[in-house]
Amino acid sequence: MLKQTNFDAPSGDNPIAIDFTGMGKGEAWVNGQSIGRYWPTYIAPTTGCSECSYKGSYSPTKCLKNCGKPSQKLYHVPRSWLKSSGNVLVLFEEKGGDPTQISFATQELESVCSQVSESHPLPMEAWSQDKSKSKPSVSLECTHPNQVISSIKFASFGTPQGTCGNYSHGECKTTDALSIIQKACIGSRTCSVDVSTTTFGDPCIGVVKSLAVEASCA
(Lines give C-alpha, C1' and ligand atoms only; values in the text may rest on other atoms or scores of the structure.)
Protein backbone atom coordinates (compact mmCIF):
# COMPACT_ATOMS: atom_id res chain seq x y z
CA MET A 1 0.00 0.00 0.00
CA LEU A 2 1.47 3.34 -1.10
CA LYS A 3 0.05 6.50 0.49
CA GLN A 4 0.89 10.19 0.13
CA THR A 5 -0.26 13.27 2.03
CA ASN A 6 0.74 16.89 2.56
CA PHE A 7 1.35 18.57 5.92
CA ASP A 8 2.55 21.82 7.47
CA ALA A 9 5.56 21.86 9.78
CA PRO A 10 4.71 22.15 13.50
CA SER A 11 5.49 25.62 14.83
CA GLY A 12 8.42 26.36 17.12
CA ASP A 13 12.00 25.11 17.26
CA ASN A 14 11.60 21.87 19.22
CA PRO A 15 12.64 18.59 17.55
CA ILE A 16 9.94 16.91 15.46
CA ALA A 17 9.01 13.23 15.30
CA ILE A 18 6.35 11.23 13.48
CA ASP A 19 4.33 8.88 15.70
CA PHE A 20 3.64 5.74 13.67
CA THR A 21 1.12 4.29 16.13
CA GLY A 22 -1.53 2.46 14.09
CA MET A 23 0.81 1.48 11.28
CA GLY A 24 2.10 -2.02 10.63
CA LYS A 25 5.46 -2.22 8.91
CA GLY A 26 7.02 -0.23 6.08
CA GLU A 27 9.13 2.75 5.08
CA ALA A 28 8.48 6.50 5.05
CA TRP A 29 9.84 9.50 3.14
CA VAL A 30 9.49 13.21 3.94
CA ASN A 31 10.07 15.56 1.01
CA GLY A 32 11.94 12.77 -0.76
CA GLN A 33 14.20 11.98 2.21
CA SER A 34 13.89 8.54 3.78
CA ILE A 35 13.39 8.58 7.54
CA GLY A 36 13.85 4.81 7.66
CA ARG A 37 11.77 1.72 8.12
CA TYR A 38 9.06 1.59 10.79
CA TRP A 39 7.60 -1.45 12.55
CA PRO A 40 5.45 -0.40 15.55
CA THR A 41 3.60 -3.72 15.55
CA TYR A 42 6.83 -5.47 16.60
CA ILE A 43 5.96 -5.67 20.31
CA ALA A 44 8.22 -6.71 23.19
CA PRO A 45 7.00 -9.62 25.36
CA THR A 46 4.35 -8.55 27.88
CA THR A 47 5.92 -10.39 30.83
CA GLY A 48 9.22 -10.19 32.68
CA CYS A 49 9.35 -6.50 33.65
CA SER A 50 9.36 -5.58 37.34
CA GLU A 51 10.92 -3.21 39.83
CA CYS A 52 14.63 -3.42 39.21
CA SER A 53 17.87 -3.39 41.17
CA TYR A 54 21.23 -3.78 39.43
CA LYS A 55 22.77 -5.24 42.58
CA GLY A 56 23.98 -8.82 42.48
CA SER A 57 24.93 -11.10 39.61
CA TYR A 58 23.90 -10.58 35.99
CA SER A 59 21.25 -12.58 34.13
CA PRO A 60 19.70 -12.02 30.67
CA THR A 61 16.23 -11.50 32.21
CA LYS A 62 17.34 -8.98 34.85
CA CYS A 63 15.95 -5.42 34.73
CA LEU A 64 13.88 -5.85 31.59
CA LYS A 65 12.08 -2.66 30.47
CA ASN A 66 9.19 -1.61 28.23
CA CYS A 67 7.32 -4.93 28.24
CA GLY A 68 4.40 -4.96 25.83
CA LYS A 69 5.60 -1.85 24.01
CA PRO A 70 6.82 -1.42 20.42
CA SER A 71 10.55 -1.35 19.77
CA GLN A 72 10.09 2.20 18.40
CA LYS A 73 7.13 4.39 17.47
CA LEU A 74 8.64 7.90 17.19
CA TYR A 75 10.87 8.69 14.20
CA HIS A 76 12.86 11.92 14.05
CA VAL A 77 12.36 14.33 11.15
CA PRO A 78 15.11 16.99 10.90
CA ARG A 79 13.64 20.48 10.71
CA SER A 80 16.15 21.25 7.95
CA TRP A 81 14.16 18.92 5.69
CA LEU A 82 10.90 20.81 6.19
CA LYS A 83 9.21 23.85 4.72
CA SER A 84 6.67 25.87 6.66
CA SER A 85 3.89 24.33 4.53
CA GLY A 86 3.36 21.95 1.63
CA ASN A 87 5.57 19.12 2.92
CA VAL A 88 5.03 15.67 1.40
CA LEU A 89 4.86 12.44 3.43
CA VAL A 90 4.98 9.18 1.46
CA LEU A 91 4.34 5.80 3.09
CA PHE A 92 4.99 2.32 1.76
CA GLU A 93 2.96 0.12 4.11
CA GLU A 94 3.44 -3.66 3.99
CA LYS A 95 0.92 -4.86 6.59
CA GLY A 96 -2.15 -2.70 6.04
CA GLY A 97 -1.86 -0.16 8.85
CA ASP A 98 -4.18 2.81 9.37
CA PRO A 99 -2.49 6.05 8.16
CA THR A 100 -5.22 8.18 9.76
CA GLN A 101 -3.70 7.42 13.18
CA ILE A 102 -0.29 8.93 12.30
CA SER A 103 0.51 12.13 14.18
CA PHE A 104 3.36 14.60 14.53
CA ALA A 105 4.95 15.21 17.91
CA THR A 106 7.35 17.90 19.07
CA GLN A 107 9.75 16.84 21.78
CA GLU A 108 10.42 19.15 24.71
CA LEU A 109 14.01 18.67 25.81
CA GLU A 110 15.16 19.36 29.35
CA SER A 111 18.12 18.50 31.53
CA VAL A 112 18.00 16.85 34.93
CA CYS A 113 21.05 16.72 37.19
CA SER A 114 22.17 15.15 40.43
CA GLN A 115 25.42 15.08 42.38
CA VAL A 116 25.78 12.94 45.51
CA SER A 117 28.82 12.08 47.63
CA GLU A 118 29.53 8.57 48.88
CA SER A 119 29.53 10.11 52.38
CA HIS A 120 26.04 11.59 51.90
CA PRO A 121 23.61 10.65 54.73
CA LEU A 122 21.27 7.79 53.90
CA PRO A 123 17.53 8.51 53.41
CA MET A 124 15.34 7.96 56.47
CA GLU A 125 13.76 4.78 55.09
CA ALA A 126 17.22 3.16 55.05
CA TRP A 127 18.01 3.93 58.71
CA SER A 128 16.50 0.66 59.93
CA GLN A 129 18.34 -1.40 57.31
CA ASP A 130 21.80 -2.94 57.41
CA LYS A 131 24.12 0.05 57.00
CA SER A 132 26.74 -2.09 55.25
CA LYS A 133 24.26 -2.84 52.47
CA SER A 134 22.69 0.62 52.15
CA LYS A 135 24.46 3.20 50.01
CA PRO A 136 23.71 6.80 48.99
CA SER A 137 22.27 6.96 45.50
CA VAL A 138 21.86 9.37 42.61
CA SER A 139 18.22 9.54 41.49
CA LEU A 140 17.03 11.09 38.23
CA GLU A 141 13.42 11.75 37.20
CA CYS A 142 11.98 13.46 34.15
CA THR A 143 9.52 16.24 34.95
CA HIS A 144 6.80 15.38 32.44
CA PRO A 145 5.04 11.99 32.65
CA ASN A 146 5.40 11.35 28.91
CA GLN A 147 9.17 11.92 28.91
CA VAL A 148 11.98 9.41 29.32
CA ILE A 149 15.71 9.82 29.80
CA SER A 150 16.95 9.95 26.22
CA SER A 151 20.68 10.54 26.71
CA ILE A 152 23.35 11.08 29.36
CA LYS A 153 25.22 14.34 28.77
CA PHE A 154 27.73 13.84 31.57
CA ALA A 155 28.59 11.24 34.20
CA SER A 156 31.65 11.11 36.44
CA PHE A 157 32.49 9.21 39.60
CA GLY A 158 35.46 10.58 41.48
CA THR A 159 36.00 14.29 42.09
CA PRO A 160 33.80 16.00 39.46
CA GLN A 161 33.70 19.78 39.38
CA GLY A 162 31.09 22.42 38.48
CA THR A 163 27.31 22.59 38.60
CA CYS A 164 24.39 21.39 36.47
CA GLY A 165 25.00 22.34 32.85
CA ASN A 166 28.69 22.93 33.50
CA TYR A 167 30.08 19.72 35.01
CA SER A 168 33.67 18.67 34.29
CA HIS A 169 35.87 15.74 35.31
CA GLY A 170 38.24 16.11 38.24
CA GLU A 171 41.71 14.60 38.53
CA CYS A 172 40.15 11.48 40.07
CA LYS A 173 37.65 9.69 37.83
CA THR A 174 36.60 6.25 36.67
CA THR A 175 36.49 5.32 32.99
CA ASP A 176 33.11 3.55 32.88
CA ALA A 177 30.75 5.87 34.80
CA LEU A 178 29.04 7.01 31.61
CA SER A 179 28.32 3.50 30.32
CA ILE A 180 27.00 2.38 33.74
CA ILE A 181 24.59 5.32 33.95
CA GLN A 182 23.50 4.90 30.32
CA LYS A 183 22.66 1.25 30.92
CA ALA A 184 20.72 2.00 34.11
CA CYS A 185 18.81 5.08 32.97
CA ILE A 186 18.26 5.52 29.22
CA GLY A 187 14.69 4.68 28.23
CA SER A 188 13.28 5.09 31.74
CA ARG A 189 11.45 8.04 33.27
CA THR A 190 13.21 7.52 36.59
CA CYS A 191 16.36 5.71 37.65
CA SER A 192 18.56 5.32 40.71
CA VAL A 193 22.21 4.26 40.93
CA ASP A 194 24.22 3.56 44.09
CA VAL A 195 27.10 5.95 44.74
CA SER A 196 29.78 3.50 45.80
CA THR A 197 33.05 1.90 44.78
CA THR A 198 31.14 -1.38 44.53
CA THR A 199 29.31 0.05 41.53
CA PHE A 200 32.08 2.08 39.91
CA GLY A 201 35.38 0.82 41.31
CA ASP A 202 37.85 2.96 43.28
CA PRO A 203 39.86 5.38 41.10
CA CYS A 204 41.57 7.09 44.07
CA ILE A 205 41.85 5.17 47.34
CA GLY A 206 41.41 7.25 50.47
CA VAL A 207 39.60 10.14 48.71
CA VAL A 208 35.89 10.81 49.31
CA LYS A 209 34.26 10.49 45.92
CA SER A 210 30.98 11.70 44.43
CA LEU A 211 28.86 10.92 41.39
CA ALA A 212 27.70 13.77 39.14
CA VAL A 213 25.20 13.14 36.35
CA GLU A 214 23.43 15.32 33.79
CA ALA A 215 20.77 13.68 31.66
CA SER A 216 18.41 14.79 28.87
CA CYS A 217 14.69 14.04 28.99
CA ALA A 218 12.58 13.97 25.83
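Which cysteine forms a disulfide with Cys185? The partner of Cys185 is Cys191, and their sulfur atoms lie 2.0 Å apart, where a disulfide is counted for a pair of cysteine sulfur atoms within 2.5 Å. This is a predicted model, in which local features need pLDDT of at least 70 and side-chain atom pairs count only at pLDDT 80 or more, while totals for chains, interfaces and linings use all residues. Residues are numbered from 1 along each chain as its sequence is written, and side-chain values use heavy atoms, leaving out hydrogens and water.

| Disulfide | S to S | About the S-S bond |
|---|---|---|
| Cys49 and Cys67 | 2.0 Å | 90°, right-handed |
| Cys113 and Cys164 | 1.9 Å | 60°, right-handed |
| Cys185 and Cys191 | 2.0 Å | about 85°, right-handed |

Cys113 lies in strand β8 and Cys164 in the loop between β10 and α1, so this pair ties together parts that are 51 residues apart in sequence; helices (H or I, at least four residues) and strands (E, at least two) are DSSP runs, numbered from the N terminus. Cys185 is buried at 1% relative accessibility, whereas Cys164 is partly exposed at 43% (buried means under 20% relative accessible area, exposed over 50%, partly exposed in between, with a 1.4 Å probe and protein chains only).

Strand β8 also belongs to an open sheet of 3 strands in the order β8-β12-β10, with antiparallel pairing, which requires at least two DSSP bridges between two strands. Because β8 (110-117) and β10 (149-158) each have a single partner strand, they stand at the edges, and one side of each is left without a neighbour in the sheet.
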